[in-house]
Amino acid sequence: MSRTTDTVTTKDKAGEKKAAKPRLTTSAMIASIASEGQRTKAAPFGHAMVALAEERGDVVGMTADLSKYTDLHIFAQAFPDRFYQMGMAEQLLLSAAGGLAKEGFMPFATTYGAFAARRGYDFVSQVIAEENLNVKIACALPGLTTGYGPSHQATDDLAIFRAMPRLTIVDPCDAIDVEQAVPAIAAHQGPVYMRLLRGKVPVVLDEYDYKFELGKAKLLRGGADVLIIATGFMTMRALETAKALEADRVDVAVLHVPTVKPLDEATIVKEASRSGRLVIAAENHTVIGGLGEAVAAMLMRVGVFPVYRQIALPDEFLAAGALPTLHDRYGISVEAMSRRIKAWLDR
């Protein structure tokens, strides 16, 4: 992860100076989720919006005073006459998006996930989803992608929105996923909630012959010992964990689920039905009400009962702090995932 550090010098028990150790500073609260040296693309959502608007004259971009922090400023620069700055008023943003959709436009409304899910829920429900309007809601800071604390951490947005009828939910893994998801959700008639990765977004999926398809899960790699069913950037973490566990001769398969609702039940059942594998759902969301519980309930309904575990955020308000520290603390770093998987396999 990119971050700003101070140098800290410590001493061992004999009083000798030890090697300098970097200490994370507050800038790491908003650090990229990319690892050091990892390939990234800048503002994939903003550039995908520009490409989409060049093809479709009905596309408009809207935000609640967060164009820079949702990468919509790229679109605003290219199409200033099709950009609407609604101020710090999420209910107004969503209501206006519904009104524009009724007039034949396709609004992409951006804010933070915590604000759309908590402040805007009733407006998404009554104004957009109930009327089945063609509004796309793209929200940054999903789950634990900020260290700003509970006010900004959308750790419960999937649980909140999964129960809403007619709402499609998308959780992209990387820059490739974001770029391909934008035209795909535009081609879908109806409301969509998309978790948004912004800034310098990792590039991962181009190594796996991947193409985003709305409503479809994709098996990225096979494995005989463990199956990780993942969504969002946790698919990236699952792939990294799979590589790390190769040294311990643990063979890990990774199934990417970019569409959380509706689930690709056929593909998930097919992969989870293979005998002898530990099945794990991994998500950047609370353990309550997200992908993990959706998959567990679906498997139970169809009569598939693997040994099943979840890697997710705890059911609590999370701490503020540096993202790398928080990811370790709450079990979604590669190191934490690897430890838990080996412990589960050793039981």
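The model is predicted: local features need pLDDT of at least 70, side-chain atom pairs count only at pLDDT 80 or more, and totals for chains, interfaces and linings use all residues. Residues are numbered from 1 along each chain as its sequence is written, and side-chain values use heavy atoms, with hydrogens and water left out.

**Overall fold**

- The protein has twelve helices and 16 strands; helices (H or I, at least four residues) and strands (E, at least two) are DSSP runs, numbered from the N terminus.
- Its radius of gyration is 20 Å, close to the 20 Å that the globule rule gives for 347 residues, so the protein is as compact as a globular protein of that length. The radius is taken over C-alpha atoms, and the globule rule is 2.2 Å times the number of residues to the power 0.38.
- The C-alpha trace spans about 70 × 55 × 35 Å along its principal axes.
- Of the 347 residues, 56% count as buried. Buried means under 20% relative accessible area, exposed means over 50%, and partly exposed lies in between (1.4 Å probe, protein chains only).
- Among contacts with a separation of 6 or more, 77% come from residues 24 or more positions apart; contact means heavy atoms within 4.5 Å.

**Helix α7**

- Helix α7 covers residues 175–187, and at 1.5 Å a residue its 13 residues should span 18 Å; the end C-alpha atoms are 19 Å apart, which agrees. The expected span is 1.5 Å times one less than the number of residues.
- At its N-terminal end, α7 is capped by D174, which places a side-chain oxygen 3.2 Å from the backbone nitrogen of I176. A polar contact is a pair of N or O atoms within 3.5 Å; within protein, one must be able to donate a hydrogen and the other to accept it, and residues adjacent in sequence count only if both atoms are side-chain atoms.
- A bend of about 30° occurs at A181, and a proline, P183, follows within four residues. The bend is the angle between axes fitted to the seven residues ending at a residue and the seven starting there.
- Buried residues of α7 include A175, I176, D177, V178 and A181, and V182, A184, I185 and A186 are buried too.

**Nonpolar cores**

- In the largest nonpolar core, which has 75 residues, F45, F75, F108, M194, I228 and I311 touch the most other members. A nonpolar core is a set of buried Ala, Val, Leu, Ile, Met, Phe, Trp, Tyr and Cys residues joined through side-chain atoms within 4.5 Å.
- Which helix gives this core its largest share? Helix α7 does, with eight residues.
- Not counting residues up to four places away in sequence, M194 touches F45, I137, A138, C139, V170, P172, A181, V182 and I185.
- A second, separate core has 25 residues, including A97, L100, V124 and I137.

- T259 sits in strand β14 (residues 259–261) and is buried, with a relative accessible area of 3%. A polar atom of the T259 side chain lies 2.8 Å from the backbone nitrogen of G215.
- Beyond its neighbours within four places in sequence, T259 is in contact with T168, I169, V170, F212, E213, L214, G215 and K216.
- T286 belongs to strand β15 (residues 278–286) and counts as buried at 6% relative accessibility. Setting aside residues up to four places away in sequence, T286 touches T155, D156, A312, L313, P314 and D315.
- T241 lies in helix α8 (residues 234–245) and counts as buried at 0% relative accessibility.

**Backbone points to inspect**

- K261 and P262 are joined by a cis peptide bond, with omega about 0°; P262 is in the loop between β14 and α9 (265–272).
- A43 has a positive phi of about 50° although it is not a glycine. A43 lies in the loop between β3 (40–42) and α1 (44–55) and is buried, with a relative accessible area of 7%.
- N132, also a residue other than glycine, has a positive phi near 55°. N132 is in the loop between α5 (121–129) and β7 (136–140), and at 34% relative accessibility N132 counts as partly exposed.
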